[in-house]
Amino acid sequence: MMATTTMQPLLENLNALAAGLFLLTAFGMVAMRQARACLHLFIAQSLLLAASAALLALRFHSAHLFGVALVNVITKPVIVPWLLRRTAPAEIYTRREIDQVLNVPTALAIALALAIGAYFLGIPLVQALPPEYRGPNVPIGIAGLFLGAFTLTVRREALPLLLGLLAMENGAFLAGISVARDLPVLVELAIATDGLIIVFIVGVLVRAVAQHAGTTAVGELASLKEAAAEAEAK
Amino acid sequence: MNVVVILWPPLIAAALAVIPSRRRWWQPGVTLLSCLLVLVLTVRLAWRIAAGASVTAGLGPGWSNWVMVDGLSALILLLIALVATTAAIFSVGYMEHGERTPRRLRLYYANYNLFVFSMLAIPLLAEPTLVWIVVELTTLCSALLVSFENTHEALEAAWKYVVLSLMGAGFALFGFLLLFAAMHAGGAGPYTWTGLIAAAPTMPPLVAQTAFLVILIGLGTKVGLVPMHTWLPDAHSQAPSPVCALLSGIETTTILYVILRLMPVMQGIPGAHAATWALVLGLTSVGTAALLLLQVTDYKRLFAFSTVEHMGIILTAVGLGTSASYGAMQQIVTHSVTKSFCFFAAGATLLAVGTRQIGSVRGLIRRAPAAGAALLLAGLAITGAPPLAVFLSEFAILRAGLLQRQYLATGLLALFIVIAFFGVMLHVNRMVFGTAAGAEAAEDPPEETAGPFRLPFSCALALLLAAIPVIVLGVYIPAPLDELLKQAAAALSR
């Protein structure tokens, strides 16, 4: 697993490619209307995160980053969909969002602005850190974080919302694997477990909402406001 | 004895609560027992720390990178144990009311114990990323408690709670990873709260500042700081009342504790302005919450908004500087004990009248004297009426602010506190003493037809126990607690 000095530029370029594709999947999750397509994009994103971790592991000879890659390959494409099948109603896969909060071109334009903002935020940060931390991971990770948060605000269906949450974590991790390489393995495992608990709890909640309101468009729940309560009282 | 022992009782109780049992006392019994055990352990721990002993010194090197207990953590642990115990007592009677299947009750008590476990782990752990994970766990363990009533509103509240808290947590994770990078950029050391303080001068300032802001926003969402507070009134009003007491009384404080841990770190970084950020965000929260208090129509939301206000007060106090630290710590204690009492009073009122609408509750003192009196005391206590606990701590903060010559901030804080006082008391006064509109009053002579409302024994007991610190801490602070507060306040500066 030792990389020769000639291989290092190649590994860095491949890592940049993985990070670039990661950003693309984040954009896709903002725009895709089909819930199942969002899941596929999320799985692709997680695999790209794992690829980036593996490449950085080769580059910096870090057995620990291989662990991160492995955990990602096992949990996200395999256990997350399995857990969703067990907890949430099957309906969440088949849903299509007809009326979105924003139409797709507008959402993508805002997403683009966010990604550019993330770049300008990330570059000075990376420059303040020692040279071995440099690379595209931090700016793209921040972009992933922002786009995940943005997904949460524009989507209404349960599955894209849940995936938005997990994508935020992916974004934080993409930045993390380049700047926080020596994080204890215990912590990594705990974070991975935590992601699975998120899927489980959200799945259970979505099922309860679906049983109760007959829809998985959880974003449309909006009765808890002062004005609404007042109207009810009258 | 290893301090981690404190975490065992709630975990075991959670496992035991899942066991189906035909005896109705089984789940509440194990929960209560576990909470009492935790209370005894934490009191003992706090006592030793107040006496100057180091409780984590005896642990092996394998532990010191993961676990740490000082005055600040002991204080938070003590409050969690106290509120968890009174809320468990209140749960016994409260959960008996209404149609609840044994299965739902098992779910309730198992989640209750897991929630207490996750909160207890926060002040015990020393490694920031692990702390982040247990912060996530508090959200996940309490989500199903918020949605417990399974109504449309409760599900919506739980959903908002989960999505917004986890969204904040995503940012916070990035912040903690960045902090780790900042620390390792200046030379390695154990990634713990104390390690961070030691490494602060060698960190690249820009990275550390960004990390702090990201964490402040991320965790601030879960604390309920304005403008990230939108989920809080929903979740803290829709959950069953004992859970509200936990959420509002102690969960918010526990998360705020994580932010407070970063204050001494940021003091070591030039140009970090952490205190200014705390002051601005704190005052914004107090002001917004005070004004929003005036227009609520649901009395549980009233107390939920008051939580936003109090989190703001604590953060403002921290921002005012070192001399207000003691007041901030005192405010943490008084808010926790008082707010849990408030939600018990609100729960008792809900049991008595069956509605959460302020407009539908009039003359409570005649219909249900115990609930009415409790609600009145709660309203007075939480807004800082003189002989009660919150008055003393708010007074300490304002005095410290004036001594620091922060006239503008202190003046604004005082103004907002007064507005909040009128906001809360206006509603509470009408509910307790008001007379219903003419026609309604004529056809509703409650004493004759329905008979006086009887509060379940355990609810009354919880109210009584919770009222003791609310009243006592207003006139007298025991010496060990005073020592603990001093140590906790010292943990806020380098």
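Modeller: Let us begin with helix α16(B). This is a predicted model, and α16(B) is followed in it by Gly384(B), whose phi is positive, near 85 degrees.

Colleague: How many residues does helix α16 of chain B have, and what does it reach from its first C-alpha to its last?

Modeller: The helix spans residues 369-382, which is 14 residues, and reaches 20 Å, close to the 20 Å expected at 1.5 Å a residue.

Colleague: Is α16(B) mostly covered or mostly exposed?

Modeller: It is mostly covered, since eleven of its 14 residues are buried. Among them are Ala370(B), Gly372(B), Leu375(B), Leu377(B), Leu380(B) and Ile382(B).

Colleague: Against which helices do the buried residues of α16(B) pack?

Modeller: Their partners, in chain B, are α13 (299-320), α14 (325-353), α15 (364-367), α17 (389-403), α18 (407-433) and α21 (457-475).

Colleague: How should a pair of packed helices be described?

Modeller: Two packed helices are described by the angle between their axes and the distance between the axes. For α13(B) and α14(B), the axes come within 9 Å and cross at roughly 175 degrees. Angles over 145 degrees count as roughly antiparallel, so α13(B) is roughly antiparallel to α14(B).

Colleague: Which residues meet in this contact of α13(B) with α14(B)?

Modeller: From α13(B) they include Tyr299(B), Phe303(B), His310(B) and Ile314(B), and from α14(B) they include Gln331(B), His335(B), Cys342(B) and Phe343(B). The residues of the contact divide into eleven nonpolar, seven polar and two charged.

Colleague: Where is His61(A) placed, and is it buried or exposed?

Modeller: His61(A) is in the loop between α2 (35-60) and α3 (63-87) of chain A. Its phi is near 55 degrees, a positive value in a residue other than glycine. His61(A) is exposed, because it has 10 other C-beta atoms within 10 Å and the cut-off for exposed is 12 or fewer. Arg405(B), in the loop between α17 and α18 of chain B, also has a positive phi, near 60 degrees. Arg405(B) is exposed, with 8 other C-beta atoms within 10 Å.

Colleague: Where in chain A does pLDDT stay under 50?

Modeller: Where pLDDT is low, the predicted coordinates should not be read in detail. Chain A averages a pLDDT of 86, and 92% of the residues score at least 70. Over residues 227-234 of chain A, however, pLDDT stays under 50, and the model has seven contacts beyond four places in sequence for them.

Conventions: Residues are numbered from 1 along each chain as its sequence is written. Chains are lettered from A and ligands numbered from 1 in the order in which they are written. This is a predicted model: local features need pLDDT of at least 70, side-chain atom pairs count only at pLDDT 80 or more; totals for chains, interfaces and linings use all residues. Helices (H or I, at least four residues) and strands (E, at least two) are DSSP runs, numbered from the N terminus. The expected span of a helix is 1.5 Å times one less than its number of residues. A residue is buried if 20 or more other C-beta atoms lie within 10 Å of its own, exposed if 12 or fewer, and partly exposed in between; C-beta atoms are placed from the backbone. Two residues are in contact if their C-beta atoms, placed from the backbone, lie within 7 Å. pLDDT is the predictor's confidence in each residue, from 0 to 100. Axes are lines fitted to C-alpha atoms, for helices over the stretch in contact, and angles run from 0 to 180 degrees between N-to-C directions. Angles under 35 degrees count as roughly parallel, over 145 as roughly antiparallel, 65 to 115 as roughly perpendicular and the rest as oblique. Ala, Val, Leu, Ile, Met, Phe, Trp, Tyr, Cys and Pro count as nonpolar, Asp, Glu, Lys and Arg as charged, and the others, Gly among them, as polar.
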